Amino acid sequence: MFNATRRFIGALAVAIGSAAMAVGLDAQDVKITDPTSVVMIVNRDSNDISFMDIKSRKIVGKTFLGNNVNPHMVMMSPDGRYVVTGGTRANKAFIIDTRTLQLVKVIPTDIAPEHLAFSPDGRWYYQGNPDGDSVSVIDMQSLSKIKTIPGFVEPLNITFLADGSKAYVGNYGAHWLGVIDVRRHEVLKKIQIGGVPGVAKLDPEKYLGEIKGINIAAPSNDGRYLYVADSDLAIVAVVDTRDDKVIKTVRVGKDPWRIYMSHDGRYGITANNGDETISVIDTRTNSVAATLEAGPDMTGINFAAGKAF
C-alpha cells in the first residue's frame with residue numbers, strides 16, 4: 001500500500017512538473033499580454049513590423065515578413081488577436097499573432113496592396129489593391145481570402161459604417177466614392193463627388209491625365225455623414241450615409257489630401273498641398289471656418305490637448 005501510494009505521488013509530481021514546464025514555455029512565447037499597451041511601426045525597407053511598449057517607449061519585438069515585401073500600413077483587429085499588413089511588392093496580406101508576434105498566415109491578394117480596414121465586428125479584413133483596382137476580402141475566422149471585389153480605380157482607404165452594413169472606398173484615380181454591401185461583398189453604388197470642370201477640354205493633360213481624386217471618406221462622430229476630399233477638384237463633399245447622396249460641397253484650398261476629424265467631431269481639417277494651406281471646416285454649418293498658412297508636403301494631422309498638429 002505504501003509503495004503504491006509513493007508511486008502515485010511520484011507520478012503526480014512528474015505530471016505537475018511537466019505541466020509547469022509547458023506553462024513556462026508558453027509564457028516565454030507570449031511577447032504581448034495586453035494588446036492596448038503597444039503601438040505598431042511599419043518598417044518598409046527592412047520588411048518588418050516593430051512593436052513598441054507605450055509606457056517604456058521600448059521595442060518589445062519585431063516580426064520579419066520576408067524579403068522584398070515592403071509593408072505599407074498596419075492595423076490590429078478589434079479583438080486584439082491579430083495584426084495585419086499588406087505587402088506592396090509581395091502582393092500578399094500578412095497576419096501576425098499579437099501575443100507571440102509570430103507570422104501565422106500569408107494570403108495572396110491582388111496587385112500592390114496598401115491601405116486596409118476591419119469591419120467593426122472584426123470578421124472581415126478588407127485589403128485595398130491600388131494597382132489591381134480591387135479590394136480583397138479576407139475572412140478572419142478562416143484566415144483566408146474569400147473574394148476579390150473589382151471595379152475600383154486606385155482604391156486607397158476604406159471606411160466601414162459603425163453597424164458594419166456598408167464600407168466606403170476612396171478611389172484616388174477617380175472622382176467617385178465606392179459603396180460596398182458588406183453582406184454580399186459587392187459594389188452597391190458609385191457616389192459622384194463632383195464634376196470635372198469645363199476647362200478640362202482646354203487643359204486635358206491636367207484634368208484628364210493622371211487623376212488625383214479621393215483618398216478617404218472620413219465619418220462624422222455619429223456616422224451619419226462622410227467628409228470626402230477630392231484633390232483635383234479642390235472640394236470636400238458631405239455625403240449622407242442614409243441614402244448615399246452628396247448634400248453639399250465645400251470649396252477648400254488647392255490639392256486637399258484628406259480630411260481629419262477632431263475628437264469632438266466639431267471640425268474637419270484638410271491639408272491643402274497645392275497652395276500650402278489648411279482648411280478648417282465647421283461640421284455644424286459645413287462651411288470653411290478658417291484658412292491657415294502651412295507648409296509643403298503635408299500628409300497627416302493629429303489632435304491632442306485641444307490642438308491639431
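How exposed is Arg123 in terms of relative accessible area? Arg123 is partly exposed, with a relative accessible area of 27%, where partly exposed lies between buried (under 20%) and exposed (over 50%), using a 1.4 Å probe and protein chains only. This is a predicted model, in which local features need pLDDT of at least 70 and side-chain atom pairs count only at pLDDT 80 or more, while totals for chains, interfaces and linings use all residues. Residues are numbered from 1 along each chain as its sequence is written, and side-chain values use heavy atoms, with hydrogens and water left out.

**Salt bridges**

- The structure holds 10 salt bridges, each defined by a side-chain nitrogen of Lys or Arg within 4 Å of a carboxyl oxygen of Asp or Glu.
- Arg123 and Asp139 meet through their side chains at 2.8 Å, N to O.
- Arg123 lies in the loop between β8 (116-118) and β9 (124-129) and Asp139 in strand β10 (residues 134-139), so this pair ties together parts 16 residues apart in sequence; strands are DSSP runs (E, at least two residues), numbered from the N terminus.
- Asp139 counts as buried, at 7% relative accessibility.
- In the salt bridge of Arg224 with Asp240, the closest N and O atoms are 3.7 Å apart.
- Because Arg224 lies in the loop between β16 (214-219) and β17 (225-230) and Asp240 in strand β18 (residues 235-240), the pair ties together parts that are 16 residues apart in sequence.
- Arg224 is partly exposed at 30% relative accessibility, whereas Asp240 is buried at 5%.
- Arg266 forms a salt bridge with Asp282, with the closest N and O atoms 3.9 Å apart.
- Arg266 is partly exposed, with a relative accessible area of 28%, and Asp282 is buried at 10% relative accessibility.

**Aromatic pairs**

- There are 4 aromatic pairs in the structure, for which rings of Phe, Tyr and Trp (its six-membered ring) must have centres within 6.5 Å; planes under 30 degrees apart count as stacked, over 60 as edge-to-face and the rest as tilted.
- Phe152 and Trp176 are stacked, because their ring centres are 6.4 Å apart and their planes at 25°.
- Both Phe152 and Trp176 are buried.
- The rings of Tyr172 and Trp257 have centres 5.8 Å apart and planes at 75°, so this pair is edge-to-face.
- Tyr172 and Trp257 are 85 residues apart, the former in the loop between β13 (166-171) and β14, the latter in strand β20 (residues 256-261).
- Tyr172 is buried, with a relative accessible area of 15%, and Trp257 is partly exposed at 23%.

How values were computed: Helices (H or I, at least four residues) and strands (E, at least two) are DSSP runs, numbered from the N terminus.
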